[in-house]
Amino acid sequence: MEEKIIIKGARVHNLKNISAEIPKNKLIAFTGVSGSGKSSLAFDTIFAEGQRRYIESLSPYARQFLGQMDRPDVDEIVGLSPAIAIDQRALSHNPRSIVGTLTEIYDYLRVLYARLGEVYCPNDGTKIKKLSLEEIVDIIEDNAKELKEETVTILSPVVRGRKGEYYQLLYDFLSQGFSEARIDGKFYSLHERVELSRYKEHEIEIVMDKVMINDEGRLFEAVENSLNYSKGLVIAKFSEKEILLSSNWTCPVDNFSFPEVEPRLFSFNSPHGACPTCFGLGKTDLFLKTICPDCNGKRLKPESLSVKIGGTSTGSVQGKSIYEVCNLSLSQARDFFASYKKKMSLREKKIALNVVEEIENRLQFLLEVGLDYLTLNREAETLSGGEAQRIRLASQIGSKLSGTLYVLDEPTIGLHERDTEKLIGTLKSLRDQNNTVIVVEHDEKTIHSSDYLLDLGPGAGVHGGEVTAIGETKKLLRNTNPRTHTNTTNKEFENSLTLKYLRGTKEIAVPEIRRHKTAESIKIIGARANNLKNIDVEFPLRRLVCMTGVSGSGKSSLLYDVLYTNLSKIKARFNEPLENAAKILGSEFIDKIVMVDQSPIGRTPRSNPATYTGIFTPIRDFFAELSQSREKGYTASRFSFNVQGGRCEACQGAGSNLIEMHFLPPVLVECEVCHGKRFNRETLQIKHKAKNIFEILEMSVDKALEFFDGIYLITDKLKVLQEVGLGYIKLGQSATTLSGGEAQRIKLSKELIHPLGKRGLFLLDEPTVGLHYHDIEMLLKVLNKLIEKGNSIFIIEHNMHVIKSADYVIDLGPEGGEKGGKLIAKGTPEEIVKNAHSITGKYLKEYLR
């Protein structure tokens, strides 16, 4: 069997007919600047061909449901295994999807609750137990031994809280040989006439027998008769105590009839378990996020929430409902099930030990990929791309597949340096199961931990697509000083930018001076959103302020839920009370607040970088000024694909049409009239340097800069996109194909393109996502330029090169979720390093040399 994957002549996207050999069953890092062709090789060539071959091996019947996959533009790939891609696309936008359902842990929980759950009445909290005749007799005998009683009176509660005289009922029981009854707590002889008020509620219990405990046959008969007459209930009365027992799922106190306890009772996707008001969504209005008033967002019926596990054996302490377990952080849930497993009886272990162990294993896999702060109730659509990818990764570890090719896209996104170490361990365990693991990665620790490295470049877009370095990672980085990262002796593959940074011949320098002169600041007093523990934080202005801490420590809660939400209201002059904070001081020192997050710049293929940033306006104006356009009377609107006139009307300027397939998913097909060019034939005849408006949109930013050289209205704006590391993206690239990091940098460009005022506050969330060292260096220059113009920048970041370049650091922790939300350290990077409590400081130390 071939122990390597051999790629010959790959030409997908910007790949320049490259050939390479990579070993199997190793952890392989694909590196290179953004847009150098890493994803083109890993996903669009290797994974695409692996998947295509697997689908072709299926029967024609199975293939008709999976569709025809095009062969990637490559001469040959030898030694491919079945391939699985673990990328960063959202797991689900369905409001019914939660972490528990995505990982299948919720399915196991439903089985566990159905098999071993203790049932309580939703009205009064009384424990309900469905008992067999033998179990009831055993309970009566056990109680008699405990109370040291020799006799017991068995009563059958035939009337419970109902109005009536019941003369006939009592007479019928007398004729059947029963002579005594307890009515409303008092004993009466049935031989005497008992007169009851017709309009009062009564309790009638017929005395079945007074039995000696050691007369088991008679005791069985009395209990059986009681269950028959009362439809499942029996009262055992001793001299000091009495107990009410049931053979149905019925509350012995208020007669509440409980449904059969089965897995579907705990499903919020089934009418058997879902709250009837919100149909299991937890909200009555998904757009306004209005919490359901009946279930309080818990999604389930009261009956489903009344089944508990993990209580004490005596029942004195109730356990947790399925909702309460799902509301625990994943680390708390793991501890809960570890404790529950220890308390399980032999009978319980026989029934569900394998279920509990499966839940424990899946939780452990999620913890290993750094997701300990999430809850099983967390909605899928609120997960970041990195979190979604790590959930997929955890599922794959659990599947224990072997001989598979895994392709991952930057799995370390959103991870603190400490959690990165855990993730690397997970990737290695996947490799050790005889799998080939390819990671497209920029993270230094992950690259150093890989077995093999393939670097693409040397630049982005048309300047990339070549193999600039390939080989065993250790050999490529041989003679690199682990403390200083410097290497002067290894000259192999000198064209590789990645190796230059890894070997230390090129570096992101630590700033010689940190900004500290400005006294202006924004002070937050009593921040308490989500897991924040009522903390006071001061953000100095006119500086680069970095917020750090492990995943889930409260960074986003502080920056967005407290700072952005309240400052936006203050600046808009809304006289509303502050949210999640007692006081915010210093808002007068800023004129505007801009949030630059990773949400998409548009949800339709019509949105693209050129239209979003406003670059397309001067380009359309330029085309309208061309002599050919003036001759025909064309204005700038002629070159817009969003209005009638110049666009192709067959697809309304989209370049493609969505074909509804009724019971199958809709299919996007290229427009038959314009063939994807968006504009009509007359518009496409207008050209500059032999290029029409469609061909301009197909250009990369770098190519467009060369093309429009000298036309400063256009090039000045294009340079901004290039400066934030987006020179490789196409001007007309669909917004739906952009990563979160690319979308964020396009938003930043939009702010930089427009005339900048002073005293602006920019909030960024991990702007280095998807960025190479070289791109980070460029981004830092742009951010510093903004600060020099009198603006302030607050960023959430895990990248140590950015943290070391900050003027001021605010470190939250110490852990994620409930164990986080505290201010651990604050000050310059040098001061953070000296703080013994800061986990960030521990890892930052080696970067401040």
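Reply: Start with a definition. A charge sits over a ring if NZ of Lys or CZ of Arg is within 6 Å of the ring centre and within 35 degrees of the ring normal. Keep in mind that this is a predicted model.

Me: What makes K689 count as lying over the face of F707?

Reply: K689 is 5.3 Å from the ring centre of F707. The cut-off is within 6 Å. K689 therefore lies over the face of F707. R299 likewise lies over the face of F268, at 4.8 Å from the ring centre.

Me: Which aromatic cluster does F707 belong to?

Reply: F707 forms one aromatic cluster with F622, F623, Y634, F639 and F708.

Me: How many aromatic pairs are there in the structure?

Reply: The structure holds 16 aromatic pairs.

Me: Why is the pair of F173 and F178 called edge-to-face?

Reply: Look at the distance and the angle. The ring centres of F173 and F178 are 6.0 Å apart, and the planes stand at 65°. Centres within 6.5 Å make a pair, and planes over 60 degrees apart count as edge-to-face. So the pair of F173 and F178 is edge-to-face. Both residues are buried.

Me: What kind of pair do F178 and Y229 form?

Reply: F178 and Y229 also form an edge-to-face pair: 5.6 Å centre to centre, with 85° between the planes. F178 lies in the loop between α6 (167-175) and β9 (180-183), while Y229 lies in helix α7 (residues 216-230), so the pair ties together parts that are 51 residues apart in sequence.

Me: How do you know whether F178 and Y229 are buried or partly exposed?

Reply: Buried means under 20% relative accessible area, exposed means over 50%, and partly exposed is in between. F178 has 11%, so F178 counts as buried. Y229 has 31%, so Y229 counts as partly exposed.

Me: What makes β3 and β17 pairing partners of β18?

Reply: Two strands pair if there are at least two bridges between them. Strand β3 (residues 27-32) is joined to β18 by 4 bridges, and the two run parallel. There, A29 stands opposite V439. Strand β17 (residues 405-409) pairs with β18 over 5 bridges, also in the parallel sense. Here D409 stands opposite V440. From β17 the chain crosses through helix α13 (residues 417-432) to β18, and this β-α-β crossover is right-handed.

Me: Why does V594 count as buried?

Reply: V594 is in strand β25 (residues 592-596). The relative accessibility of V594 is 10%, so V594 counts as buried. V594 touches E751, L761, F762 and L763, leaving out residues up to four places away in sequence. V594 and I793 are 199 residues apart in sequence, yet 9.7 Å apart in space, C-alpha to C-alpha.

Me: Which residues touch the most other members of the largest nonpolar core?

Reply: I619, F623, F708, L718, L748 and I793 do, out of 82 residues in that core. Helix α26 (residues 773-788) gives the largest share, 8 residues. A second, separate core has 64 residues, including I322, L330, L363 and L374.

Terms used: Residues are numbered from 1 along each chain as its sequence is written. This is a predicted model: local features need pLDDT of at least 70, side-chain atom pairs count only at pLDDT 80 or more; totals for chains, interfaces and linings use all residues. Side-chain values use heavy atoms; hydrogens and water are left out. A crossover is right-handed if, with the strands pointing away from the viewer, the path from the first strand over the helix to the second runs clockwise. Rings of Phe, Tyr and Trp (its six-membered ring) pair if their centres lie within 6.5 Å; planes under 30 degrees apart count as stacked, over 60 as edge-to-face and the rest as tilted. Buried means under 20% relative accessible area, exposed over 50%, partly exposed in between (1.4 Å probe, protein chains only). Contact means heavy atoms within 4.5 Å. A nonpolar core is a set of buried Ala, Val, Leu, Ile, Met, Phe, Trp, Tyr and Cys residues joined through side-chain atoms within 4.5 Å.
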